[in-house]
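Please keep the structure in view while reading.

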Amino acid sequence: MSSLAFRSADLKPTSFTSSGTSTPNSPNSYFSVPTPLAERSLLLNDADEGKTFEDSHSADGFTLITGGLGFIGSHTTWELLKDGHNVVIIDNLSNSYLTVLERLRQMTNASFAGSKFTPQIDFFEADYRDSRTMRSVLARYNLPLGSSRITGVIHFAAYKAVEESIRHPLRYYANNVAGLVDFCALLGDLSIKTFIFSSSATVYGELANSGEKLSEDMVDSKGCRGLTNPYGRTKWMCEAILSDLAQSDPAWNIFALRYFNPVGCDVTGLLGEDPRGTPNNLMPVLIQAVTAERSVLSIYGSDWDTRDGTAIRDFIHVSDLARGHLAAREAATRTSSTLKRFQVFNLGTGNGQTVTEVVAAMSSVIGRTVPTELIGRRHGDVGICIADASKAAKFLAWTACKTVRQSCRDIVRFLKIEVSGG
Ligand code: UD1
């Protein structure tokens with residue numbers, strides 16, 4: 001496998017033209033780019049150095065993945081790699097670690113051992129908002145006649161902490177919204193117009209309080225009701241911008257994927273959720289109660305109109321969610337007459353579990369009771385949030401199939417948590 005890795009500091013645009021060996025269409029010529037900060041032993045496979053362009057799998061297209069080392073990004077990258085896609089990962093490591101890249105390489109090598117081709121992983125440590133660097137990176141994949149070997153983009157890079165977005169709204173609008181605008185302009189210039197956007201069920205806002213399953217058409221670019229925080233508003237704004245973009249130019253195919261509540265991790269136990277900072281979402285906090293990093297899990301609200309009084313969410317295994325991106329990527333590539341150029345899909349299971357049921361599933365997997373306390377509702381929470389998952393099933397031929405219990409088991413494997421009686 002030929003794996004490349006650069007940090008943005010290495011990506012001086014002049015490097016691409018000043019080197020005698022550098023031609024934009026030859027991936028092996030990248031080795032001539034000065035990489036003083038790159039960890040060569042970790043990131044470059046010496047065995048590939050003598051190969052020609054034709055020898056490598058990189059003759060095929062690439063999928064560009066921003067935020068590809070994060071929780072959902074890394075799982076999606078892995079599903080793409082397993083399926084034989086070459087990937088270009090852009091990540092500024094603000095909420096992820098380089099070790100994830102190494103894991104992905106190991107997993108891919110193991111998975112393709114003995115095969116003729118191994119998918120290529122190119123990594124650039126860069127901020128997707130750094131247009132100059134991004135232009136340099138993307139230029140490496142240019143083909144004659146203004147086309148690109150990058151045939152599609154999955155855009156994860158964004159801020160996502162609700163509380164933080166309330167304290168620092170401009171940071172969220174700058175990174176999530178202004179960043180998207182500049183990024184799409186650059187992609188448009190380079191004729192890269194297949195785009196999968198990472199959206200969220202948060203765009204349904206207080207509509208979720210009806211208790212009905214949420215279908216895509218309840219919120220569209222015309223408007224939304226009851227968004228409770230700037231983070232949610234950035235996701236809705238981005239969807240509206242992307243809808244306008246697709247309207248303006250029929251060459252774009254854009255799918256926005258609204259995630260419900262991702263949990264779990266890859267079944268190998270090699271990828272997982274490892275956020276920087278203090279977690280707020282249920283599963284990472286529950287894990288802290290399991291590992292005694294905190295004494296008790298505080299359950300927010302026991303007076304919701306649900307079967308046990310605790311809130312209901314549509315918890316979806318992250319590997320199912322990642323496969324949903326693969327399905328969207330393929331559908332967006334072949335989209336012609338059947339789907340409009342801008343489409344929104346819920347990625348959820350269509351079923352809900354209460355917070356107490358999730359805790360019970362985890363307790364049953366680890367063979368001991370997780371300490372909990374019932375406290376008041378968290379500001380901004382809704383009682384019930386469940387996807388109508390039928391549109392993705394119909395148009396993407398995708399459904400989620402893993403259970404919350406499987407999610408718990410996979411997390412326990414990843415974190416090597418001791419299981420009582422196991
Ligand atoms: C949250 C975000 C949402 C984001 C989603 C991504 C808020 C208000 N919403 O949704 O914008 O898209 O994460 O995953 O933060 N819970 C506890 N104790 C805890 C943590 C959570 O009882 O320590 C409860 C919550 O009150 C909620 C449920 O668990 O009822 C799920 O919470 P969480 O994982 O934070 O997800 P959401 O609130 O659905």
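How do the residues of the shell around the ligand divide into nonpolar, polar and charged? The model examined here is a predicted one. In it, the shell around the ligand consists of 9 nonpolar, 6 polar and 3 charged residues.

**The ligand and its surroundings**

The ligand is surrounded by 18 residues, and the closest of them are Leu282, Ser298, Arg313, Arg378 and Asp381.

| Residue | Protein atom | Ligand atom | Distance |
|---|---|---|---|
| Ser200 | polar side-chain atom | oxygen | 3.0 Å |
| Ser298 | polar backbone atom | nitrogen | 2.8 Å |
| Arg378 | polar side-chain atom | oxygen | 2.8 Å |

On its own, the ligand would expose 740 Å², and the protein buries 87% of that area. Two or more residues of the shell come from each of two elements, helix H9 (282-290) and strand E9 (297-300). Strand E9 makes the largest contribution to the shell, namely 4 residues.

**The chain as a whole**

The chain contains 13 helices and 15 strands. Of its 422 residues, 54% count as buried. The accessible surface of the chain amounts to about 18,000 Å², and carbon and sulfur atoms account for 51% of it. Where contacts link residues at least 6 apart in sequence, 81% of them join residues at least 24 apart.

**The nonpolar cores**

The largest nonpolar core has 37 residues, and those touching the most other members are Leu69, Ile89, Leu104, Phe255, Leu257 and Leu396. Several helices and strands give two or more residues to this core, including H3, strand E3 (86-91), strand E7 (253-259) and helix H10 (318-334). Helix H10 supplies the largest share, with 7 residues.

Is Thr66 buried or exposed? Thr66 counts as buried because its relative accessibility is 0%, where buried means under 20% relative accessible area. This threonine is placed in strand E2 (residues 62-66). The side chains of Thr66 and His155 are joined by a polar contact of 2.7 Å. Apart from residues up to four places away in sequence, Thr66 touches Ile90, Tyr128, Ile154, His155, Phe156, Ala157 and Phe183.

Thr76 lies in helix H3 (residues 71-82). With a relative accessible area of 1%, Thr76 is therefore buried too. Residues up to four places away in sequence again being set aside, Thr76 touches Ile154, Phe156, Ala322 and His325.

Conventions: Residues are numbered from 1 along each chain as its sequence is written. This is a predicted model: local features need pLDDT of at least 70, side-chain atom pairs count only at pLDDT 80 or more; totals for chains, interfaces and linings use all residues. Side-chain values use heavy atoms; hydrogens and water are left out. A residue is near a molecule or strand if one of its heavy atoms lies within 4 Å of it. A polar contact is a pair of N or O atoms within 3.5 Å; within protein, one must be able to donate a hydrogen and the other to accept it, and residues adjacent in sequence count only if both atoms are side-chain atoms. Accessible areas come from the Shrake-Rupley method with a 1.4 Å probe; for residues, only the protein chains shown count as cover. Ala, Val, Leu, Ile, Met, Phe, Trp, Tyr, Cys and Pro count as nonpolar, Asp, Glu, Lys and Arg as charged, and the others, Gly among them, as polar. Buried means under 20% relative accessible area, exposed over 50%, partly exposed in between (1.4 Å probe, protein chains only). Contact means heavy atoms within 4.5 Å. A nonpolar core is a set of buried Ala, Val, Leu, Ile, Met, Phe, Trp, Tyr and Cys residues joined through side-chain atoms within 4.5 Å.
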